Each structure stands twice: as structure tokens, then as C-alpha cells.
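Trainee: Could you take a close look at one helix-to-helix contact for me and take me through its geometry, its residues and the confidence behind it?

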Amino acid sequence: MENKQLAQRIRAFRKLKGLTQQELAERSGISLAILGAIERGNRRAEEQMLAQIADVLEITLQELKERS
């Protein structure tokens, strides 16, 4: 999946859940700087990071990666 599309999905799900980047970073154990870079599409998220993000957002990894 392209970084930009995944970045948009992470941001959209985060906002849907009413979380700030800071809150998502803290709950997922990912640094704010790295999460910000992932959400901007400047950094490719490792599978483990995506799993942590999906867990915090209470969605499956498949839902996070689905193409719209």
C-alpha cells in the first residue's frame, strides 16, 4: 500500500476516534515524531507499528490497510 494512502487512513481513523497525535503516540508506544512522519506519508510504518496503531484505534490491521 502506498504510504500516502495509508497515512490518510491512519489520520482519518485517529480523528474518528477523537484522538490527538499525542494521545495515539502515547497509547501505541510510538514516538510523536515518528507517528507524525507516518501520518504525513514521509515514513513507512513497520508492520509492528501498524499493529499497535490498529490496536489503539480498535480496528483490525486489515481494516487499516484496506484500499478505499
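Mentor: Contact here means heavy atoms within 4.5 Å, and helices (H or I, at least four residues) are DSSP runs, numbered from the N terminus. The model is a predicted one, in which local features need pLDDT of at least 70, side-chain atom pairs count only at pLDDT 80 or more, and totals for chains, interfaces and linings use all residues. Residues are numbered from 1 along each chain as its sequence is written, and side-chain values use heavy atoms, with hydrogens and water left out.

On the α1 side, Leu6, Ile10, Phe13 and Arg14 meet Leu50, Ile53 and Leu57 of α4. By class, this contact has six nonpolar residues, no polar ones and one charged residue, where Ala, Val, Leu, Ile, Met, Phe, Trp, Tyr, Cys and Pro count as nonpolar, Asp, Glu, Lys and Arg as charged, and the others, Gly among them, as polar.

As for the geometry, helix α1 (residues 3-16) packs against helix α4 (residues 47-57) at an angle of about 25°, their axes being 10 Å apart; axes are lines fitted to C-alpha atoms, for helices over the stretch in contact, and angles run from 0 to 180 degrees between N-to-C directions. The two helices are therefore roughly parallel to each other, a term for angles under 35 degrees.

Turning to confidence, the protein averages a pLDDT (the predictor's confidence in each residue, from 0 to 100) of 94, and 97% of the residues score at least 70.

Notes. Parallel < 35°, antiparallel > 145°, perpendicular 65-115°, else oblique.
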